[in-house]
Amino acid sequence: TAVGFGMDPDLQIDIITELDLVNTTLGVTQVSGLHNASKAFLFQDTEREIHAAPHVSEKLIQLFRNRSEFTFLATLQQKASTSGVILSIRELEHSYFELESSGLRDEIRYHYRFNGKTRTEVFPYRLADGQWHRIAVSLSASHLLLHVDCNRIYERVIDPPETNLTPESNLWLGQRNRKHGFFKGVIQDVKIIFIPNGYITQCPNLNRTCPTCSDFLSLVQGIMDLQELLAKMTAKLNYAETRLSQLEDCHCEKTCQVNGLIYRDKDSWVEDDHCRNCTCKSGAVECRRMSCPPLECPPDALPVHVDTQCCKVCKAKCIYGGKVLAEGQRVLTKSCRECRNGVLVKVTETCPPLNCSEKDHVLPENQCCSVCRGHNFCAEGHRCGENSECKNWNTKATCECKNGYLSVQGDSAYCE
């Protein structure tokens, strides 16, 4: 019947099947029940131990874990005026779920635990009358429903029971433990079902409660979580609006990043390698070649390039054999001499060996050591501006302006 109503087999446990009562002889006898769809068993007034095996207890613990909806179902015929426990799930002396029928006081008692303490709910009802009854106890969070013979007998709000069973918990059928609470009568169709409104599987014609108490509490918790999230988002939004109002009073500027350095808007710097003045303008770098003032050297000097300086400077010239030499230029006489501050100074230099025949030896301009024909003078670090390029000749390297550019002040090292 349960499967016919869409019941997931993994969400229920058939107590009689799991306990394998067919093979239990001491104190239990299989008899005819209310119907023949399932087995019924007579629980006699004698010492017995009807409890779950470890693997059944583990299954039960897993099913109960973090569940707030479950229903206990049973069909039974209790001997008149007797008292006994129908089902008990307990750990030592603590009951997590225990249903007891007292024929002496005509009461149904439900024992459970809340915040580590034992609670008991008492329902005046005569179950021990020797007649067949179908009983269903449904828990949904703090809402308890008691059905007997498909009639809603009691509906009550209780403290929500603890359902996280300890590993030592065990299930007893027809008794509280080894010595107490022995049930006397016939029990059939004992199940625990972990779905809302589980009593429907026993009484399909009953109306369902929708939403259940657990559903309602979940909705309330969801609303509370949303309210908390809304409060946090509102606080963040207010903070963001405050920051935005502060930023509106700030002047935003775009920066420039050059060679790993960050320059603010309108910052200027000098690129020594290209002899340019650069400025950051709204995130874009604008560079112009450094303008050198016109250089008028005296008759005894010539304009020359000096390391670490972009503009030429006047340096004293040298004259040898009618040939004019600028600062740093060399001439080969009996020995190598270099023009320094207007004076030819002897240079002691060892020329490297050449890997070419003597007829291919070439003496570069203003140098003292020969090189092989086709020597790459540009590779020696000849300095040319960004708009000019180095060209190799037989005895020297020169700078030539790229297409579309003209030399500045007659110097092809810098072109515009």
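A polar contact is a pair of N or O atoms within 3.5 Å; within protein, one atom must be able to donate a hydrogen and the other to accept it, and residues adjacent in sequence count only if both atoms are side-chain atoms. The side chain of Asp265 makes such an approach to the backbone nitrogen of Ser282, at 2.7 Å.

This is a predicted model, in which local features need pLDDT of at least 70 and side-chain atom pairs count only at pLDDT 80 or more, while totals for chains, interfaces and linings use all residues. Residues are numbered from 1 along each chain as its sequence is written, and side-chain values use heavy atoms, with hydrogens and water left out.

An automatic or database assignment sets the domain bounds, as tabulated here.

| Domain | Residues |
|---|---|
| domain 1 | 9–205 |
| domain 2 | 261–289 |
| domain 3 | 301–401 |

The C-alpha centres of domain 1 and domain 2 lie 87 Å apart.

Asp265 is placed in the loop between strand E15 (261–263) and strand E16 (268–271); strands are DSSP runs of at least two residues, helices (H or I) of at least four, numbered from the N terminus. Contacts (heavy atoms within 4.5 Å) link Asp265 to Glu253, Lys254, Cys280, Lys281 and Ser282, leaving aside residues up to four places away in sequence.

In helix H2 (residues 54–64), Val56, Ser57, Leu60, Ile61, Leu63 and Phe64 are buried, that is, under 20% relative accessible area, with exposed meaning over 50% (1.4 Å probe, protein chains only). Viewed down the axis of H2, these buried residues fall within an arc of 165 degrees, so they line one face of the helix; the arc is that of the directions from the helix axis to the C-beta atoms. Exposed Pro54 and His55 are carried on the face turned away from the buried side of H2.
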